[in-house]
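Subject: Structure handover

Hello,

Please find the structure below, with notes on what turned up when going through it. The notes move from one region to another and can be read alongside the coordinates.

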Amino acid sequence: FNVDTLTGKTVVITAGPTREAIDPVRYLSNHSSGKMGYALAEAAAEAGARTILISGPCQLAPPERVEHIKVISADDMLAACLGYAAGSDLFIGAAAVADFRPANIAEQKLKKSDADTMTLTLVKNPDIIASVAALDAAPFTVAFAAESERVLEYARDKLVRKKVDCVIANDISAAGIGFNSDDNAVTLIDRRGETRFDQRSKPQLARELIALLAERL
Ligand code: PMT
């Protein structure tokens, strides 16, 4: 199923974590494996879309027939996303982008001092999905919202604040779903209402989400 529902469309999907360098050997990151974003890219390609997968560092092989763009930091991901999103039809932000990065990247490996604490100053990263949604010819833009409490309330807030067309609320407090799991459970929220998808494999969920989003275009 899903064959040809996106033929002639261009879909851009972000996946995986970003890495924010502290010095040449250290970074800030998170536990995103890329599984959700890669599964969405596979499902979009299966549905006939030209599919561009913009991925932070992860261990997965890219699906067939998908253009695979590798990035490291949120800044890199933003540049790639703005380049590919303009003129595309659907943009899905499944990446877990670091909200902050170190204010300075040390050129040399930081040395341990005698002090028992050290302070790292962080600055805010650009909001990639809000920048995509604000483009003149913005694609239909879908954010994920990874929440550990008040999941639907915070996700609805992201729909408004980021000015996206749709938010996929992802409860990351439950075991066996969310970051780095093989399964996921989400609620798709848009201005028409809410659709719940109980726990299932990420590839299965991806095919169902792509089928539903294809109808929205
Ligand atoms: O990769 P897996 O191991 O398979 O795990 C999947 C997942 C749990 C990472 C994925 O399903 C998910 O929920 N991704 C979003 C994770 C996240 O960082 O959510 P957030 O609530 O912080 O961000 C909200 C949205 O804004 C996301 O679409 C995110 O890509 C985007 N964002 C966030 C910060 C930022 N600076 N720029 C962004 O575009």
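Strand β2 (residues 20–23) and strand β3 (residues 26–28) run antiparallel and are joined by 3 bridges. Within this pair, Ala 21 stands opposite Tyr 27 in β3. The link from β2 to β3 is a hairpin through 2 residues. Please keep in mind throughout that this is a predicted model.

Strand β10 (residues 166–171) is joined to strand β11 (residues 183–190) by 5 bridges, and the two run antiparallel. β11 is in turn joined by 7 bridges to strand β12 (residues 193–201), again antiparallel. A hairpin through 2 residues leads from β11 to β12.

Two residues around β10 have backbone angles to note. Most residues other than glycine have a negative phi. Lys 163, however, has a positive phi, near 55°. Lys 163 is placed in the loop between α4 (151–161) and β10. Lys 163 counts as partly exposed because it has 14 C-beta neighbours inside 10 Å. Asn 180 is the other case, with a positive phi of about 65° although it is not a glycine. Asn 180 sits in the loop between β10 and β11. With 12 other C-beta atoms within 10 Å, Asn 180 is exposed.

Next, the nonpolar core. Which residues have the most contacts inside the largest nonpolar core? They are Ile 13, Leu 40 and Ala 44, in a core of 58 residues. Helix α1 (residues 35–46) gives the most to this core, namely 8 residues. Contacts of Ile 13, leaving aside neighbours within four places in sequence, include Gly 37, Leu 40, Ala 41 and Ala 44. Ile 13 is also in contact with Thr 51, Leu 53, Ile 92 and Ala 94.

Met 77 is in helix α2 (residues 74–85). Is Met 77 buried or exposed? Met 77 has 26 other C-beta atoms within 10 Å, and the cut-off for a buried residue is 20 or more, so Met 77 is buried. Its contacts, again leaving aside neighbours within four places in sequence, are Thr 14, Thr 18, Ile 54, Gly 56, Val 71, Ala 95, Val 97 and Ile 128. One of these, Thr 18, is 59 residues from Met 77 in sequence, while their C-alpha atoms are 8.1 Å apart in space.

The model also holds a ligand. There are 28 residues around the ligand, and those that come nearest are Ser 33, Lys 35, Gly 93, Ile 128 and Ile 129. By class, this shell has 14 nonpolar, 10 polar and 4 charged residues. At least two residues of the shell come from each of α1, α3 (128–133) and β9 (140–147). The largest share, 4 residues, is supplied by β9.

Ile 129 is worth a separate look. Ile 129 is found in helix α3. Ile 129 is buried, because 25 other C-beta atoms lie within 10 Å. Apart from neighbours within four places in sequence, Ile 129 is in contact with Gly 93, Thr 141, Ala 143, Lys 162 and Val 164.

Finally, the database record. An unreviewed UniProt entry lists Asp 99, Lys 109, Pro 126, Asp 127, Ile 128, Ile 129, Phe 144, Lys 158 and Lys 162 under "binding site". These positions span 64 residues in sequence and the farthest two C-alpha atoms are 37.5 Å apart, so they do not all gather at one spot. Lys 109 counts as exposed because it has 10 C-beta neighbours inside 10 Å. Not counting residues up to four places away in sequence, Lys 109 touches Asp 23, Pro 24 and Val 25.

Regards

Conventions: Residues are numbered from 1 along each chain as its sequence is written. This is a predicted model: local features need pLDDT of at least 70, side-chain atom pairs count only at pLDDT 80 or more; totals for chains, interfaces and linings use all residues. A nonpolar core is a set of buried Ala, Val, Leu, Ile, Met, Phe, Trp, Tyr and Cys residues joined through C-beta atoms within 7 Å. Two residues are in contact if their C-beta atoms, placed from the backbone, lie within 7 Å. A residue is near a molecule or strand if its C-beta atom, placed from the backbone, lies within 6 Å of it. Ala, Val, Leu, Ile, Met, Phe, Trp, Tyr, Cys and Pro count as nonpolar, Asp, Glu, Lys and Arg as charged, and the others, Gly among them, as polar. UniProt positions are given in the numbering used here, feature names are shortened, and annotations may be inferred rather than shown by experiment. Two strands pair if DSSP finds at least two bridges between them.
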